[in-house]
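Open the model in your viewer and keep the selection tool ready. We will go from the whole chain to single residues.

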Amino acid sequence: MERFGVSVAIIALGVAGVARAADQPRQAPVPAEARRAIADTRFTDAYRVVEPAVDACLAADPGHGSCIDLLNALAIAASRTAEPQTEQRAAKLAAEAAATYAPGTELEYGALAALESAMQDSDTPLAAEAPGRRALALAEKLWGPDSDQAAILTRNLATLMTRLARHAEAEALMRRARAIRVRTSGADSLTSLDYTRVLGVTLNEGGKVREGIGLLTASADGLAARYPDRLLERALAEGDLAAALHGAGRYQDAKARYAAAYELWARYDQPSAQMLTMLNNAAVNFSSMGEPESAVRLYRTVVQLGVSVYGADHPTMAVYYGNLGVALRAIDREGEALSYLRRALAIATATYGPDHIKTAPYRGFLAWLLPPAEAERERRALVDIYRAALGPAHPTTQFEMFRLAGLLMSQRRFAEAEPIYRECVALGERTFGADNVNYADSLVQLALSLAYQLKPGSLPEMKALFDRAWRIQRAALGPAHADTIETGAYVVAMSDGDRALAVSRITQSGVLARAAQRRDFDASAQRDLRNWSLVFAQGVALDWKLANPKPVARE
């Protein structure tokens, strides 16, 4: 993802003084050491050098007109050294000073770009849109609509719209950004193929899964064929394709692409932030494949490498500690899980504050371990945080609503869970797409909330919900996935005669295929089988022979 971190920020520093108005105030110079450090991505060194220079400039110039370059440099360095308050303050001061003393110049462009970046990473990302659009308009005026700056600004606005779940706007912007690159460098250029990757991510996030995966595949395969030595671009493309395949429930395909991405990263460099993100996502894929022990092993590797890249208490480590904690909880190692989850929450709270959307996920992780009443209060608070910051249609908000409803279901408060699931279903098709497994999950849970209430007249709706979810899961996950098997059992339970028999046979074949894939039958697999057996008792008898599975006799 191309952000206003290194690339655009360096452009902003590099052009300072090139095309300024005659009456524009002279800028206090950014120390050469800081410029070199930013260019080399040594942001801690840059921060150390530029912060005192900014303080001196602000003290000497109360209007800050001569401090804009320095403030932009400080915002850049702060963004990469986990100093969000400093980043936002510096970016705001630079933008205010530029609007007064250097309007319509590349200085203002750089300040607006830094402000957009700072606000994207704040607890109010909606505030990033206005400076981002002003920066884009200024880039088009200064350098033209097909300039590099216009393409990058358009791409970053698309990223913001995706984060805000405004997917139609994100798609339009990203198609425009890619079109600029294709016009200026050709469809098969390195830059165009990279923008094809980002457009694929944008479409996939917006629910256009097939087209998104198609573009991501074209990017990954095109880069491999035309630019085999461009390891970074290829690794990013393989990793993003793997993530999209994972989101579509194609876990085995995702596993292969993650392996390809890892091989490229291993050839590219020492552990990096992007490599760690890819490995973290690969661990998530293992969890979804029903391989929690493999996920835990990979998460431990991510934590170990992350400490070497960032240090043990860097905010990014909160992500890795939190995910390892969740994975450990999945294999019933709650004591160890709790220590990692608490550490993640402490780091996020110290960095962002308790109610920031970047802190909220760690509060959510720990909520799983709270008593029911406390967990409910926390879940409701998290839904409010996400609604306010991202809106009700955003996937993150919906996932938290889903967790709240699940908590109510676990307390047999089915009537209270039903309207939450209905809202998730209403929003889910538009947010995720009609063939997405997240949407299927909401269909299943809504049907179950109706079933447990024994509501008169609800049988036709329940049947339709289960049938639709089962079709999605069979296509996306395959017949041997646990979710497909469980939903198949519900369909059996609600069917009669030949249909029940047909669905039963399909479901049994999926069970046997899964058994064949899991010959070791570890404790996690055996627990899953025991849970499934309760479901199948509703409509179909399965004879689990773990060591030597064989076809199940019909009743």
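This is a predicted model: local features need pLDDT of at least 70, side-chain atom pairs count only at pLDDT 80 or more; totals for chains, interfaces and linings use all residues.

A residue counts as buried when its relative accessible area is under 20%.

**Stop 1: the whole chain**

Show the protein chain as a cartoon. Which elements does the chain have, helices or strands? There are 26 helices and zero strands. Now show the surface. The accessible surface is about 23800 Å². Carbon and sulfur atoms account for 53% of that area. Of the 555 residues, 53% are buried. Look at the contacts too. Among those with a separation of 6 or more, 61% join residues 24 or more positions apart.

**Stop 2: the disulfide**

Select Cys-57 and Cys-67 and show their side chains. These two cysteines form a disulfide. A disulfide is a covalent bond between the sulfur atoms of two cysteines. How far apart are the sulfur atoms of Cys-57 and Cys-67? They lie 2.0 Å apart. A search of the whole structure finds one disulfide. The angle about its S-S bond is -95°, and the link is left-handed. Follow the chain between the two ends. Cys-57 is in helix H3, residues 43-60. Cys-67 is in the loop between H3 and helix H4, residues 68-79. The two cysteines are ten residues apart. Is each end buried or exposed? Cys-57 has a relative accessible area of 8%, so it is buried. Cys-67 is at 1%, so it is buried as well.

**Stop 3: Met-317**

Select Met-317, in helix H16, residues 315-330. Its relative accessible area is 0%, so Met-317 is buried. What does Met-317 touch beyond four places away in sequence? Its contacts there are Val-303, Gly-306, Val-307, Tyr-310, Gly-311 and Ala-312. Met-317 and Ile-347 are 30 residues apart in sequence. From C-alpha to C-alpha, they are 8.2 Å apart in space.

**Stop 4: helix H24**

Select residues 482-493, which form helix H24. Find the C-alpha atoms at its two ends. They are 17 Å apart. How many of its twelve residues are buried? Nine are, and H24 is mostly covered. Among the buried residues are Ala-482, Ile-485, Gly-488, Tyr-490 and Val-492.

Key
Residues are numbered from 1 along each chain as its sequence is written. Side-chain values use heavy atoms; hydrogens and water are left out. Helices (H or I, at least four residues) and strands (E, at least two) are DSSP runs, numbered from the N terminus. Buried means under 20% relative accessible area, exposed over 50%, partly exposed in between (1.4 Å probe, protein chains only). Contact means heavy atoms within 4.5 Å. Accessible areas come from the Shrake-Rupley method with a 1.4 Å probe; for residues, only the protein chains shown count as cover. The expected span of a helix is 1.5 Å times one less than its number of residues. A disulfide is a pair of cysteine sulfur atoms within 2.5 Å.
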